[in-house]
Amino acid sequence: MTQTHLVIGATGAQGGAVAARLARDGHTVRGFSRKHGDLADPVAVRKAFEGVSRASVTLPLVFDAGLVARYVDNIIAAARHCERLVLNTGNRLPSARTSVAAFETRRDAADALLGSEIPTVVLRPPVYLENLRPADGVLAYPIPPGHRVAWLSQADLGALTAAALHRADLAGTSIDIGGRDVVTGPELASVFGADYVPLPPDEFEAWMAPVLGGAAAAAVADTYRWLSSPENAGFYDGDPTAVEALLGVELTPIRRWAAG
Ligand SMILES: NC(=O)c1ccc[n+]([C@@H]2O[C@H](COP(=O)([O-])OP(=O)(O)OC[C@H]3O[C@@H](n4cnc5c(N)ncnc54)[C@H](OP(=O)(O)O)[C@@H]3O)[C@@H](O)[C@H]2O)c1
């Protein structure tokens, strides 16, 4: 029987990869973005979930706690009949609470969904390979060079989300996902024939503000400020073999991803 899969944030980079993977797997996909309605509007969200059995949720670049809580309340009210919902937190979550809104709004979203009656799987990705912009022999990124990072491709996020949407036994769990290779900055840069340059988070914020808007750029830069502490060096580490075994997905090596 064909079941409709709802992808919230389907026009975004991550939601787009999820929608593409689900469509490739033969599922009927319904996207939700602002052209369909606003996540803050309960009527629009309820309509989006009509006839939907499975849903993938990526929250937009909004870090106001009250607004994100409204989005999540609307999703929970609309998704009660869903057989499975996968929340992509867009980031890993620190073990203890922080003052970083990009972490804590997603922690609250995950807790609310896991505490609801909706069979939910929470996927916590590290950073995406698509964030990288190697240029002129330099790969600049706001992560200290010695941190080991399980860089994930958006296509692999799509595959992992599709797997989580169809596995009954994972409901109620949170999974730290990541890519095939766990590398330091210089190891990553060598794939692109570049030198690694750790970008100060302030510079990253100034660079991203025209692209994301000031508030979102500041919120994202705060995650990298938190990460720059040596005690947080393992935040984006990963165990690719365990992720592959748990979700039955073959992850893409960075070299293969870079070769296109
Ligand atoms: N870990 C990483 O490396 C990484 C990288 C990037 C982002 N992220 C995180 O991932 C999340 C999404 O970021 P993104 O860059 O993927 O965002 P994005 O590409 O801008 O996608 C956001 C999606 O949400 C939709 N949307 C925005 N506001 C909405 C609203 N009020 N109601 C309904 N739909 C709305 C957008 O649709 P329209 O704009 O078409 O309306 C789009 O489909 C954020 O939490 C971000 O921090 C993480």
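Two residues are taken to be in contact if their C-beta atoms, placed from the backbone, lie within 7 Å. By that criterion, and leaving aside neighbours within four places in sequence, alanine 150 is in contact with Pro126, Gly178, Gly179, Val182, Tyr236, Asp237, Gly238 and Pro240. The model is a predicted one, and its protein chain has 10 helices and eight strands.

**Overall chain**

- The radius of gyration of the protein chain is 18 Å, close to the 18 Å that the globule rule gives for 260 residues, so the chain is as compact as a globular protein of that length.
- Along its principal axes, the C-alpha trace of the protein chain spans about 50 × 35 × 35 Å.
- Of the 260 residues in the protein chain, 41% count as buried.
- When contacts in the protein chain between residues at least 6 apart in sequence are considered, 77% of them join residues at least 24 apart.

**Surroundings of the ligand**

- The ligand is surrounded by 23 residues, of which the closest are Gly12, Ser33, Arg34, Pro60 and Gly90.
- By class, the shell around the ligand consists of 11 nonpolar, 10 polar and two charged residues.
- Helix H1, which covers residues 13–24, supplies three residues to this shell, and that is the largest share.

**Helices H4 and H8**

- The axes of helix H4 (residues 101–114) and helix H8 (residues 214–227) come within 8 Å and cross at roughly 95 degrees, which makes H4 roughly perpendicular to H8, given that angles from 65 to 115 degrees are placed in that class.
- On the H4 side the residues that meet H8 are Ala101, Ala102 and Phe103, and on the H8 side their partners are Ala219, Val220, Asp222 and Thr223.
- Sorted by class, the contact of H4 with H8 has five nonpolar residues, one polar residue and one charged residue.

**The loop between E6 and H5: alanine 150 and arginine 148**

- Alanine 150 lies in the loop between E6 and helix H5 (154–165), and arginine 148 has its place in the loop between E6 and H5 as well.
- Alanine 150 counts as buried because it has 23 C-beta neighbours inside 10 Å, where the cut-off for that class is 20 or more.
- Arginine 148, by contrast, is partly exposed, with 18 other C-beta atoms within 10 Å.
- Not counting residues up to four places away in sequence, arginine 148 touches Val182, Val183, Thr184 and Asp237; Val182 and Asp237 are also among the contacts of alanine 150.
- Arginine 148 and glycine 234 are 86 residues apart in sequence, and their C-alpha atoms are 6.7 Å apart in space.
- The C-alpha atoms of alanine 150 and arginine 54, which are 96 residues apart along the chain, are separated by 27 Å.

**Leucine 87 in strand E4**

- Leucine 87 lies in strand E4, which covers residues 84–88, and this leucine is buried, with 28 other C-beta atoms within 10 Å.
- Beyond residues up to four places away in sequence, leucine 87 touches Val57, Ala109, Ala110, Leu113, Thr120 and Val122.
- From C-alpha to C-alpha, leucine 87 and valine 121 are 6.3 Å apart in space, while in sequence they are 34 residues apart.

- Aspartate 136 is found in the loop between strand E5 (120–124) and strand E6 (138–141), and it counts as exposed because it has 6 C-beta neighbours inside 10 Å.
- Most residues other than glycine have a negative phi. Aspartate 136, however, has a positive phi of about 50 degrees although it is not a glycine.
- Leucine 246 has its place in helix H9, covering residues 240–247, and this leucine is partly exposed, with 18 other C-beta atoms within 10 Å.
- The C-alpha atoms of leucine 246 and serine 33 are separated by 30 Å, the two residues being 213 residues apart along the chain; Ser33 is one of the residues closest to the ligand.

Notes. Residues are numbered from 1 along each chain as its sequence is written. This is a predicted model: local features need pLDDT of at least 70, side-chain atom pairs count only at pLDDT 80 or more; totals for chains, interfaces and linings use all residues. A residue is near a molecule or strand if its C-beta atom, placed from the backbone, lies within 6 Å of it. Helices (H or I, at least four residues) and strands (E, at least two) are DSSP runs, numbered from the N terminus. Ala, Val, Leu, Ile, Met, Phe, Trp, Tyr, Cys and Pro count as nonpolar, Asp, Glu, Lys and Arg as charged, and the others, Gly among them, as polar. Axes are lines fitted to C-alpha atoms, for helices over the stretch in contact, and angles run from 0 to 180 degrees between N-to-C directions. Angles under 35 degrees count as roughly parallel, over 145 as roughly antiparallel, 65 to 115 as roughly perpendicular and the rest as oblique. A residue is buried if 20 or more other C-beta atoms lie within 10 Å of its own, exposed if 12 or fewer, and partly exposed in between; C-beta atoms are placed from the backbone. The radius of gyration is taken over C-alpha atoms; the globule rule is 2.2 Å times the number of residues to the power 0.38.
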